[in-house]
Amino acid sequence: MAKFLVMPKLGLTMTEGNIANWRKVEGDSVTMGEIIFDVETDKITKEFESPGEGIIRKILVSEGTVEVLKPIAIIGKADEDISALLAEAEKAVASPVASATKPDAPEPPKAEQAPVKPATGGRVKASARTKKIAAELKIDITQVTGTGPQGAITEKDVNEFAEKAKTAQPKISPTAGVIAAGLGVDPGQINKDGRIMKADVLAFKQNADFLKYADPQEFTKPMSAMRKIIASRMSASQETAATVNYNQRVDTTAMKQLREELKSTAKITYTDILVKILSRVLLEFPLLNSAIVGTDIVTRNYVNIGVAVALPDGLIVPVVKFANKLDLGAISTEIKALAEKARNNELETDEITGGTFTLTNIGMFGMESFTPIINQPEVAILGINTIIDTPMVVEGQVVIKPMMNLSLTADHRVVDGSVAAQFVARLKELIEKPGLLLL
Amino acid sequence: MKIVIIGGGPGGYVAAIRAAHLGAEVTLIENKFLGGTCLNVGCIPTKVLLHTTELLDVLKNDAKELGITVSGYEADWKTLQKRKTKIIKKLVGGVKALLKNNTITQIMGTGVFLNDHQIKVTYNNNQDEISKDEEVIDFDFAIIATGSKPVIPPIPGSVHPDVITSDAALSLEAVPESLCIIGGGVIGCEFATIYNAFGCKVTIIEMLPDIVATMDRDIVKPLKDKLIKDGVEIFTRTKVESIKEGPDGLAVTTSSQAGEKIVTAQKVLLSVGRKPELSTLELEKAGIKTERGAIKVNQKMQTNKPHIYAVGDCNGGVMLAHVASAQGIFAVETIVGIRSQIDFKTIPYCVYTKPELAGVGLTEAEAREAGYDVKVGNFPMAVNGKAMIIGETTGLVKYVTDAATGEILGLHMAGPRATDLIVEGALAIRLEATVAELKSTIHAHPTVGESLMEAAHAVNGEAIHLMR
């Protein structure tokens, strides 16, 4: 029996979803569990799996946003009567949230309208005098466009045509002319003030050939829901915050050692250790853990640290809640679980909201320094970079140390330079002497 | 804008005049003679001698046929030397007057760079009207145009009062009985022609496979034939091992595949080439770089110091007066911001021998080397009416063209007034003319120049005045 495929409700808070990337067209058959299209929400992208077997009889919404549980397509047997469903769908789809039509594509350029020309060989509408002038000017009058009554060719038309023909003829050296003809290059296309020489023709042809070979194309597709959100949040953040960037090099010898020591017991990452350290230090520097609400500054007695996770099509920031109350093991477990959920599009809304500070690590790509953008409504974000063995001077001796840059971006509206600097200095202290965490 | 130009030859003085046209404040420093090598010991004096040589050749070989019986004429070297000096004096005076007319400050002295914005000039002693000895001149731009000097090859015995270069060869007191010329290039062949006509026994020794190696083989052949016919001995693929004083003059020991041979001559002329004259400049103080003994310049004639230019022989390019002048004008125009250009394809090469040789653009061999599908049009002087009238039927006109487009790639001539007629080829190349334009341009009759039109027809085997 034919039935609707409807917009799935992927989370408790989901009200609508965006349809993208259809794998099937009308008339295709699908099997149970086969992926038909993608559903995107502001949080996740999920592949829509077929709930049964059959033929895609009708695609009701090919692209755009649809409310949850509203029909998207009709699936059924090849010869089934689906008119009842279609009628029902018409009512339902009559008012989709967003227009389900294709995004406006630029109209294909219309071929330039050729000027109306009297057919060659036909009777030319022109006075005898005009024809005589044309003959004197050695002009093929049939090529002239008439502007007189009923398209008649006037003397003025002929004179203008002659003038145009004169200027249209580019000056070209004889050799260049021969080469242009041989290569099929229209010298009129060559943009040069002076006389067109051989080199100009060859350069034009070379460029034309290169363009053909390079075959430049641009591809336009609508932003995914996640991309739209990233775009609007990032630009809004840049407009809102008065950002200052701070960079500090830290020695990671002790942190590395700590990780090694714990290895046999628990697989702890640098991110885990840094979240642990941050959850301590942020309480010591409440302004970096604050939010601006109107003209009030809100500080907290807790720390919720967002940890940015890269996804194939964007990024998401799950939040380690109340990290200040979690030990390193718990933090590690939590981050692993959240990252796994993020990669599987399984994060719930409350798992990606409520952060008070964000940590972003792109050290795995070898980055040495960057200027992260604050995740609003927070006031600071810490960027983690790669660790590089660096010659350092210790007590007058050059020693190789595994050094790493901390890249802090802080909002100067609440975080002054001295505060930020002291915050970073304290981070450095704890990173270099993690034993202090025990105190 | 203060422009200092060092060197008053065809590169420097032409640049000075052009700079004055364009409103610059110009100082020209020359340490020897205005007009440089070209006017004083190069192009001009050699051509004065060669003109008389040409007339002597007519008297000797053609007069009778032309209906003139001449008896008791004499080749008078001393008078000719005076004429040469007179012409040089007049031309140098002309240059001086032109510079003055253009309110260019002329300094006879030697310029030395102090740094990249100052030159110190030490005045020549004979400048009695100037009381000071030296002066420091500040400049915004400088153009170096110090020219070149003959190369003295490292041959044992090459330093000897009777081993001379072109400078001395122009003004020998008397014509020697015999002359051995080392280097059969343009200069060597011109001096061979001069001294041979004045009754001197001339021998040319050339290391390369042929004389005048830079020009098209087909036009060099008539010259070689004529030199040999006139009694000049030519040894090609021959190396000079040493020069020694012998009982009958200088003994020049040569070696070739045929073995060793000794050429005895009263004088030996070294004409193996020229090299940039940079010895007095102290370029390093201005931080100007050189490469293989020449000032390094880019396509705009700029040295590594963008406000200092080097034009003419001193930059080690094509060592010809007309190239130096073109570069001088180009450098000045570049300085003042005019977008000009030099088309180096249009440089004519001329040899003022009999027959005269001239070439512009690619030789047939060069065109083939460059990968063109070459088509050649030859027309012999022997069938040109005017050439017959003036009794100079030796030589030919040769167009080298691109078969694909008809483009003129080169023109090469041997024959009467070839050096004057070559300009047609230069212009054709400059304007990218094809064979069609040269064929359809009406050439005056009867002229030697007609042969150029005929050679253009001959490219497609359609010369009117040649048997098919």
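Helix crossing, sheet and contacts in a predicted model

Q: In which hand does α8(A) pass α10(A)?
A: In this predicted model, the helices concerned are α8, residues 270-284 of chain A, and α10, residues 417-432 of chain A, whose axes come within 10 Å and cross at roughly 145°. The crossing in which α8(A) passes α10(A) is right-handed.

Q: Is A:Ile82 buried, exposed or partly exposed, and why?
A: A:Ile82 is found in the loop of chain A between β8 (71-76) and α1 (83-93). A residue counts as buried if 20 or more other C-beta atoms lie within 10 Å of its own, and as exposed if 12 or fewer do. Because A:Ile82 has 18 other C-beta atoms within 10 Å, A:Ile82 is partly exposed.

Q: Which are the edge strands of the open sheet of three strands in chain B?
A: The strand order in this sheet of chain B is β12-β13-β14, with antiparallel pairing, and neighbouring strands are turned by 25° against each other on average, direction ignored. An edge strand pairs on one side only, and in chain B this applies to β12 (239-246) and β14 (259-265).

Q: Which residue in β13(B) is the bridge partner of B:Lys239?
A: Strand β12(B) pairs with β13, residues 249-256 of chain B, in the antiparallel sense over seven bridges. Within β13(B), the residue bridged to B:Lys239 is B:Ser255.

Q: Which classes make up the side of chain B that touches chain A?
A: Between the chains, eight residues of chain A are in contact with nine residues of chain B. Taken by class, the chain B side consists of three nonpolar, three polar and three charged residues.

Q: What percentage of the residues in chain A is buried?
A: Chain A has 10 helices and 18 strands, and among its contacts with a separation of 6 or more, 59% join residues 24 or more positions apart. Of the 439 residues in chain A, the buried share is 30%.

Terms used:
Residues numbered from 1 in each chain as written. Chains lettered and ligands numbered in written order. Predicted model: local features only at pLDDT ≥ 70, side-chain atom pairs only at ≥ 80, totals over all residues. Pairing = 2+ DSSP bridges. Helix = DSSP H or I, 4+ residues; strand = E, 2+ residues; numbered from the N terminus. Axes fitted to C-alpha atoms, helices over the stretch in contact; angles between N-to-C directions. Left-handed = near helix turned anticlockwise from the far one by under 90°. Contact = placed C-beta atoms within 7 Å. Nonpolar A, V, L, I, M, F, W, Y, C, P; charged D, E, K, R; others polar.
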